[in-house]
Each structure stands twice: as C-alpha cells, then as structure tokens.
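Hello,

Here is the structure we talked about. Please open it alongside this message; my notes follow below.

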Amino acid sequence: GMNAAVRAVVRMGIYVKAKVYFVYEGYQGMVDGGDNIVEVSWESVSSILQVGGTVIGSARCKSFRTREGRLQAAYNLVQRGITNLCVIGGDGSLTGANLFREEWSGLLEELAQKGKIDEEAVKKYAYLNIVGMVGSIDNDFCGTDMTIGTDSALHRIIEVVDAIMTTAQSHQRTFVLEVMGRHCGYLALVSALACGADWVFIPEYPPEEGWEDSMCVKLSENRARKKRLNIIIVAEGAIDCHNQPITSEKVKDLVVQRLGFDTRVTILGHVQRGGTPSAFDRILASRMGVEAVLALLEATPATPACVVSLSGNQAVRLPLMECVQMTQEVQKAMDEGRFVEAVRLRGRSFENNLNTYKLLSHKKPDAELPKTNFNVAVLNVGAPAAGMNAAVRAAVRVGITEGHKMFAVIDGFEGFSRGKIKEISWGDVGGWTGQGGSILGTKRTLPAKYLEKIADQMRTNNINALMVIGGFEAYLGLLELSAAREKYDEFCVPMVMVPATVSNNVPGSDFSIGADTALNTITDTCDRIKQSASGTKRCVFIIETMGGYCGYLANMGALAAGADAAYIFEEQFDIRELQANVEHLTEKMKTSIQRGLVLRNENCNENYTTDFIYQLYSEEGKGVFDCRKNVLGHMQQGGAPSPFDRNFGTKISAKAMQWISKKLKDTYRKGKVFANTDDSVCLLGMRRRNLVFQPVAELKNETDFVHRIPKEQWWLKLRPLMKILAKYKTSYDVSDSGQLEHVAMVSPKEAETGAI
C-alpha cells in the first residue's frame, strides 16, 4: 500500500502546483543526496498502484541518528528548496522526522556558520513541515485504526490459513501458525478471529497460569466433537504472564507430548510483507496521501508535526508525538506486566477484537450457560454476499452464550413461510467464517405475500426475536414486517438487520458485509486487464460492475485500480462528458502511459449502455486507441470472504445479538415478549466512527426507494479524489478533511459505545 500513498502524494502535489521530489532509500538517501533526491512527474508514479513494497526503496539509516548525518540531510534539502516532508514509515521513522524538524533552524544556522549556505537561505527556508503516514503491517501505531499494509498482510495470512484448512481437514492435523508481530498481536488476533482459530497467543494478553492444561482440554474436546482440525495462531512476540516467550515450537511440542496429535508448524515470515496490496490498502493509502498534502499546505511553524490516519471511516490528523508516546506506553505497560492496561492503550478496535474472539472461540459447558427460554431465528435475505456465513456463525454462538435457543431459517422469507426452520447448535457453525456465499441459502423474495404463513411459523416455533442478515430486500422486509404488527401479534418481537450486500446500497450504514470482497475481485481483475493493455499498447478497456443503481463498486473500484473514469448513476453525465473523456484518453495516449481503464456501473444510465460507450469510444478513438469491453457479472458475488468482511461480519453480528438479548429482557412482560415500538426494529450500521442501531422507520426519509439507494452517500466525497489522481481538473472539497485532534484515551465507558 506504500506505493498507492507515494502515487497519491505525487499527483496531489502536482495538482496543487507544487514541485514534488522522491527521496530514494529512506533517510540514507536524504543524507547521501545526489541522485537519491530527484524531482518527479505525473508519469513517474504510473503503474505502481498494484505493486507491493515501495518503488522508492526504504532503508534503516545509522547516520541519520547522528547530528552530522542530519546536518548533511538538511543541506541536501535546502539545496533543492525542499521544506515539506511526507514520511511514510513506522514509529521509528516518524520520531526521527520529528527530531529533524525540531533541530531544523539550528542545523541551518550551523550550515550558515560553516559557509555552506547563505543567510538568505536561512531566512527563506526557516521552517520544515512534516506529515507522517503510518506504513506498518503490524498495525502497532496508536491513534490510527488501520495502518497502511495491515489489510494486505491479513490477506496473505488468510490465504495461507484457508489452504492449510483443506490439508488439515484431510489428515486430521493440528497446525501451529506463527505470524508477524514482535510487539503487537494485531495480526495474530484478527486472523484468529477471521478463521475461527482454536487458540491464539499475543503479547498484549498472555494466557493465565496453567494455560497448557486448558489449551489441551479445549483441543481434545474439539476432536471429540468430530472437529477434524485444530489451528493455533502464535504472534512471534507472544509471552506468558511471567514475560517468558511462548514459541511455536514450544506449543507444538506441548500438543505432541500431551495429546499425541499429529502437529505441524508453519512460520509465515516475510510472505506477509509481500504480494499485491488489497483494495482496502490502496484506497486507504490514496486517501491518506491526499490528506497528507492538504495537511502540509495548511501547516504553519506553530502546528505540531502530525500523522494522517483513519478513525472508523473518517480521515483524521493527530499530533505525531502524542501517537508515538502512546505507542511507547503500550510497550512499557507490557514490560511491567500491566496487561489489561496494554490492551486498553491499543485502542477500542483492538479491545473489541479481543472481546469478540473470547466470546466466540470458547464454548462454556452447558451447565454454566444461562437459560433464558427465548428462541431467536436467523435468516439470510437478498443476493449472496461473502461474509454472510461469518455473521451467522457469530450470531448463533453469541446467542447460545447468552442462553437463547438459536434457530436457522433456510432460504430467506420464502423458506420461512414453508417451515424450513431448524434449531442450530454451536458446533453446526464451525468453520463457517471462510466460506463464501450463503450456507443457509438466501432469496430475494419479500415477506408481504407470505405474512400469514410466516406468522404461523413464528407461533409454531415460538420465535421471540428475528435477526436478518441481508441487503436492500432485508431492509424492505423489516419495513413490511413492522407494518404488519397491527394485524399479527407474532411480529411484535425485537428484530434487527445486519447489512450484507456487495452493492453497499443499504441506508444507515457506510459499509455492508460483502462489499470489500467484491471490491477486491474487481481490483484483481482490473490489474490483470491493465497488464494485458500495457502489453498491446494504446488500448482502452471498459469494465461493467454490479451494484444496481449504487455506484459504490464502480467508484471505489476505479480508485483502487487507478482508472481514468467511472460512470455512476449518482453523478449524471451527458454526451459532452463522454466526449471530454475520449479527448482526455487521446491526450494520455501521447504520453508514455498508453492504456486506459474505464469503469461503468450497470445501471448508471439506461441509454448510455456499456455497448453504447464501447461503440462511441471505438469510433472516436479510431487510429489513436483500440477499445475492449468486459462485463464482470456474478464473479463479484462469489469467492472466499476477505479478512475485512469476515471480521466486520463477525463483530457487527455479535453486537446485533447482544442488542437482541437486551431488547428481549426489556420487552418481556407477564410471561411473553411484546415489542411494538419503532425502536424494536433496527438496522445496525457503521456510521463514520461508530456502530449505531437505527430504527428502520427513521431510515425511510434517508432512502430513495425507486433506485434502492440511500439519498446521501459518504463515498461520493471521494469522487474528486479519483478524478484528481486520473489528471482531471476538478474542485476538491476540503471540508471533510481532518482537523488536528488529540489522541483520545479511551475511557472504559466509551469503549462500549461501539467502535468496530
């Protein structure tokens, strides 16, 4: 994802008429100067979006740690008139940058005394501005939800786990996987959550005394339940409560000696750093890169050096040193054995991951489970979306933990009306997180024509609450069921919807389960197509994406794949704009980048169809470029869910189930559940930074029912970003850019309000 950030900084810099320079090989290049610091053009960053690692190189640098080294670096920058630095790296690189900034005026004075620069230069280049972006696969930097590179590393880990799962299933084996994370257990924890691992070891949360016994008991119980494989994930920095290391070999030996299970160790190592960056990382890095340039433009000598980062779905700026200090606090807490504190300092997203993992991985013995006598049904509605199964698994397991009887409905509302409903147990949903599609089966049918039959089934099975996981049909379905409450008492129960659709068109939520997987599919395909186009030269591809009337996939796919244009329904376009795009591509063919990529949402315009645009481009581009078209179709719905969708599905669904439990307690009167208020039919969505329960009735005003999309969509603000990065003149709305905030210490109360 670093290259996406480099590309965004260069192009946004050029867009605001700044000179942009590459410094090759990190601080070493800054100290050495010469050819390591070069001015770059728009085309310098073409075709790097899909490349892993970083094209400008990175190196650890001893000399920059000395004042002499920094003096030389300052001289090299002043020679070129550079006073704005954008640093992409971990906390070490960023701390170094901050020190450099603090010493800057002293360094210049020293250079002037030595006669290397004149007094004029000292005045002219008096201040150095610094903005940091955190590139670290460990996600170990406090203040930011996701660092650049973390999501791609999770992709690598999950690909390996999925492959190992199949071989372990065949051979009844136990696998111990060692993942990176010397001081931070994020990768281990999230991959354990995403693949339903049996046990996880992380530095922030060492196992209690006697963990060897409890782990072996758990593993043998799982075998007794006919589970054919066990997966144990170990972070490379895992420790026990006496601060002694727990290694993957130690865990393996323990399992072999105590249980005699056939056990293998796989150390993932540097595989995790490599490979193609995921769609999430490309979009994150592109947003951060643009934000970094804006922050540099607005920086004054009085503002502290800042890092740009993401909180929830919101770009924020935080003082660099506050983040660094808090990151160091975590390490200190761990060294001193204050582990509860360490987890809290990591931030609310880390804490949520840990709590959800604990909730879902260990089943308490039946005797210890509470008994509520409530029955809760779970169903999938709409088209299949990757991550639905992870959501069902989380709902079932949390429900059982809370003491309810869980029921699974097969084939949506239609199956419900036919009585396709059965009790589902903890073990039934084992191994579901990595499965694509919908195991329960899903249908687009709405409940209105089956109301009486569904009410009968609710009564027969004594269903006290409903959890619906699905897309726009699920939302319409809940509106229909709540409208039918006047006629049928059976529907006077708590109902909650969790959004799951590749289109990401459900009102009340910035994201829906399945959209990230679809976006990765689109991005992968576009990468391949771009490669083919680069070979044939002078070739423009037109690619049609799904999404109904919602342009999310086309727009974000274009941003992640580096497309030249994306046609969407939300932003009406006419023949003049199509003409402008053709001219833009004609100009582009004169440069060294001789290929074009255009995405079109399937319903963006009923007359300007994919065929029409293809024919128009072919005609207008005659003699300049060739044209090809590609309709991606249903491949966007399938495939194994991405790590983001598995985790988002798991966490959002667990939270929805806890809400159901609370509502059941609140609405239980005289031996029965009766809920008929608006706030007992909710949609749980992610809004900017929080997960929020919103009554579906209140969301009506926010919905365009004809086109099945929300009236306001957050991602439209990223539209200019895509155009700028594709060299269009457009105005960028800065109102949404981050203001400088302070790193908030999360109070325990706030941690519960629902960050994801």
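Predicted model: local features only at pLDDT ≥ 70, side-chain atom pairs only at ≥ 80, totals over all residues.

Arg708 is found in the loop between strand E25 (703–704) and E26. Arg708 is not a glycine, yet its phi is positive, at about 55 degrees. With a relative accessibility of 28%, Arg708 counts as partly exposed.

Asn462 is another non-glycine residue with a positive phi, about 50 degrees. Its place is the loop between helix H16 (451–460) and strand E15 (465–470). Asn462 counts as partly exposed too, at 43% relative accessibility.

**Aromatic pairs**

The whole structure was searched, and 22 aromatic pairs came up. One of them joins Tyr552 and Trp715. That pair is edge-to-face, with 6.1 Å from centre to centre and 75 degrees between the planes. It links distant parts of the chain, as the two residues are 163 residues apart. Tyr552 is in helix H19 (residues 552–561). Trp715 is in the loop between strand E26 (709–710) and helix H24 (719–725). Tyr552 has 4% relative accessibility, so it counts as buried. Trp715 is buried as well, at 1%.

Phe644 and Phe648 make a stacked pair, because their planes are at 25 degrees and the cut-off for stacking is under 30. Their ring centres are 5.6 Å apart. Both residues lie in helix H22 (residues 643–667), 4 residues apart, or about one turn of the helix.

**Charges over rings**

Two cases to look at. The charged end of Arg223 sits over the ring of Phe261, 4.3 Å from the ring centre. The charged end of Lys116 sits over the ring of Tyr75, 4.9 Å from its centre.

**Helix packing**

H22 also packs with helix H13 (residues 348–361). The angle is about 70 degrees, and the axes are 10 Å apart. The two helices are therefore roughly perpendicular to each other. On the H13 side, the contact is made by Ser349, Asn353, Thr356, Leu359 and Leu360. On the H22 side, Thr650, Lys651, Ala654 and Gln658 take part. What is the make-up of this contact of H13 with H22 in nonpolar, polar and charged residues? It divides into 3 nonpolar, 5 polar and 1 charged.

Best wishes

Terms used:
Residues numbered from 1 in each chain as written. Heavy atoms only, no water. Phe/Tyr/Trp six-rings, centres within 6.5 Å; stacked < 30°, edge-to-face > 60°. Buried < 20%, exposed > 50% of the residue type's maximum accessible area, 1.4 Å probe, protein only. Lys NZ or Arg CZ within 6 Å of the ring centre and 35° of its normal. Axes fitted to C-alpha atoms, helices over the stretch in contact; angles between N-to-C directions. Parallel < 35°, antiparallel > 145°, perpendicular 65-115°, else oblique. Contact = heavy atoms within 4.5 Å. Nonpolar A, V, L, I, M, F, W, Y, C, P; charged D, E, K, R; others polar.
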